[in-house]
Every structure is written in structure tokens, then in C-alpha cells.
Amino acid sequence: MNISDLRIVNIGILIPFLGTTLGAAMVFFFKKDSMNVDVQKILSGFAAGVMVAASVWSLLIPAMDQSSNLGRLAFLPATTGFMIGILFLLLIDFILPHMHVGSEKPEGLKANLKKSTMLVFAVTLHNFPEGMAVGVALAAVISGTSSISLTAALALSIGIAIQNFPEGAIISLPLRHELRSRKKAFLYGFLSGVVEPIGAIITILLTKFMVPILPYLLSFAAGAMIYVVVEELLPEASEGEHSNWSTLSFSLGFVLMMILDVALG
């Protein structure tokens, strides 16, 4: 990998974090402390569509391609990693004290934490698998043993950044109400995205140790992302009065991510 490619890898690590940061910065431009419910449902649907497409096109399919030497059993590493990813996020969801936007009931183990802190933990919970997904994809590129190209990994990074933008706004606005400060709300939103580049960098640094299990790690990241979609994003998109807009936005997010992956990959 040449210097130019390494620069692209660095950019790929930071792009999702930039999406979260720009979204959190919307707290300085919105007058209200909350987002319109319909708009929030549309954005949640869009984010879910991007994450489902990224899980399939950018993670699961490459995991099975890399296991093609197993023949008809090429699905085994992908299946195993996917289910471990689901169970891992389920465990974290059960342990980590957090609270979702629009909810007054905390989840996870009981802890004497501020509501604002638990709101940030909720976003951090699903930023983690996104950061890992980017890191694993870039690690696969660096290893040279995967069908994932550098542009495909970059497409995944861009897709996650696109859906991170509305997520950053969705978390920062309620935080402004809780903290009574735009600057603090932005800071908390900013910090919720820090786990993405950290997770990606750690994954990349461990590349040489992960080559034999890359199919499992790719599908692990996919399982973790799908857990977030089913556990959080889809319920948020369909909550309350029925609306077709969230369904359409899901479709748009899915198609956009699919186009990015196929066109750039």
C-alpha cells in the first residue's frame, strides 16, 4: 500500500466521525430543543436503510467471498460472526446504562447517572459497531487477503458518515434541553462519535493478527449493526402514528448505500 492509499485510509477512519460532528453542530442552528417527530422518524428510517445495506453489501457478502474455499459451507464464518455480533451487542445493551431519545426509562444496569450521560451512552452504543465496521473493512484492505477494495471501504465510511449526520443532530438537540447549553450539547454529541475512529484505529493496528478471522470479524460488525437497526432505529422510525415516509426513507438509505458500494467498490 502506497502513501496515497495510506492517506485515504486515514480519511476513511475520520469521515464517519466528521458526520457525527457536523450533525451535532446543528444544535447551533436549530431554534427548538427537539426535532419534528416526523422528521426524526424519516431520518431514523434512512439511517436504518444505510446500515442494513452496509451490513449486507460491505460486510456479509465480502465475508462469504473470503470463505469461498469452504465451498457450500462458505456461509459458516459469516453466520457465526453475525450471531456473535448480535449477542455481543445484546450483552452490552444489557450492561451499559443508557437511555434512548424520547424515552424516560433507562436501560441497562442501574446507575446513578445523569439523563444527559445516558443519552450519550445510547448513541455511543451504536457508534461502536459502526467504527468497528469501518476499521475491519480497512484492515481487510491493508491485509490484501480480501475482496474488499480501498474504494469499497471508503464507500462504507462515506455511507456511515451520511447516516451519522442526522444521528448527531437527533442526540444534540435533546441534550441542549437537558444541559441548557448549546456548547455542552455539541461537546457531548462530539464525544459520542469519538469511539468510531478509536475503534477503527485499534482494529487496523491488530490487522496482522486478524487476517485468519477476517470473515468472522466482518460478519461480527454486520451483526452488531443489524442489532442496532432492529433494537433502536426501526422502532424509532415506526413509533406512533403510521407513516409511509419512514419506509420510503429506509428504502432511499438502502439504495444509496448499495449504489455507493457497487459504484465505488
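Colleague: Which helix is S246 found in?
Modeller: S246 sits in helix α10, residues 245–264. Helices are DSSP runs of H or I with at least four residues, strands are runs of E with at least two, and both are numbered from the N terminus. This is a predicted model: local features need pLDDT of at least 70, side-chain atom pairs count only at pLDDT 80 or more, and totals for chains, interfaces and linings use all residues. Residues are numbered from 1 along each chain as its sequence is written, and side-chain values use heavy atoms, leaving out hydrogens and water.
Colleague: Is S246 buried or exposed?
Modeller: S246 is buried, because its relative accessible area is 8%. Buried means under 20%, exposed means over 50%, and partly exposed is in between, using a 1.4 Å probe and protein chains only.
Colleague: What is S246 in contact with?
Modeller: Leaving aside neighbours within four places in sequence, S246 is in contact with K41, I42, G45 and A237. Contact means heavy atoms within 4.5 Å.
Colleague: Changing topic, where is A222 found?
Modeller: A222 is in helix α9, residues 214–238. A222 counts as buried because its relative accessibility is 0%.
Colleague: And what does A222 touch?
Modeller: A222 touches S55, L59, L60 and F82, not counting residues up to four places away in sequence. Counted likewise, L59 touches A222 and others, including A133, L156 and M225.
Colleague: How many residues has the largest nonpolar core?
Modeller: That core has 51 residues, and L59, A133, L156 and M225 are among those with the most contacts inside it. A nonpolar core is a set of buried Ala, Val, Leu, Ile, Met, Phe, Trp, Tyr and Cys residues joined through side-chain atoms within 4.5 Å.
Colleague: Which helix supplies the largest share of this core?
Modeller: The largest share comes from α9, with 13 residues. There is also a second, separate core of 13 residues, which includes V27, M35, I171 and A185.
Colleague: Which residues form the nonpolar patch on the surface?
Modeller: V56, I61, M64, L70, L73, F75 and L76 form it, with about 530 Å² of accessible area together. Areas come from the Shrake-Rupley method with a 1.4 Å probe, and for residues only the protein chains shown count as cover.
Colleague: What gives the most to the nonpolar patch?
Modeller: Helix α2 gives the most, with 3 residues. M64 is found in α2, and M64 counts as partly exposed because its relative accessibility is 33%.

Key:
Patches are made of residues with over 30% relative accessible area and no salt bridge: like charges are joined within 9 Å, nonpolar side chains (Val, Leu, Ile, Met, Phe, Trp, Tyr) within 5 Å. A salt bridge is a side-chain nitrogen of Lys or Arg within 4 Å of a carboxyl oxygen of Asp or Glu.
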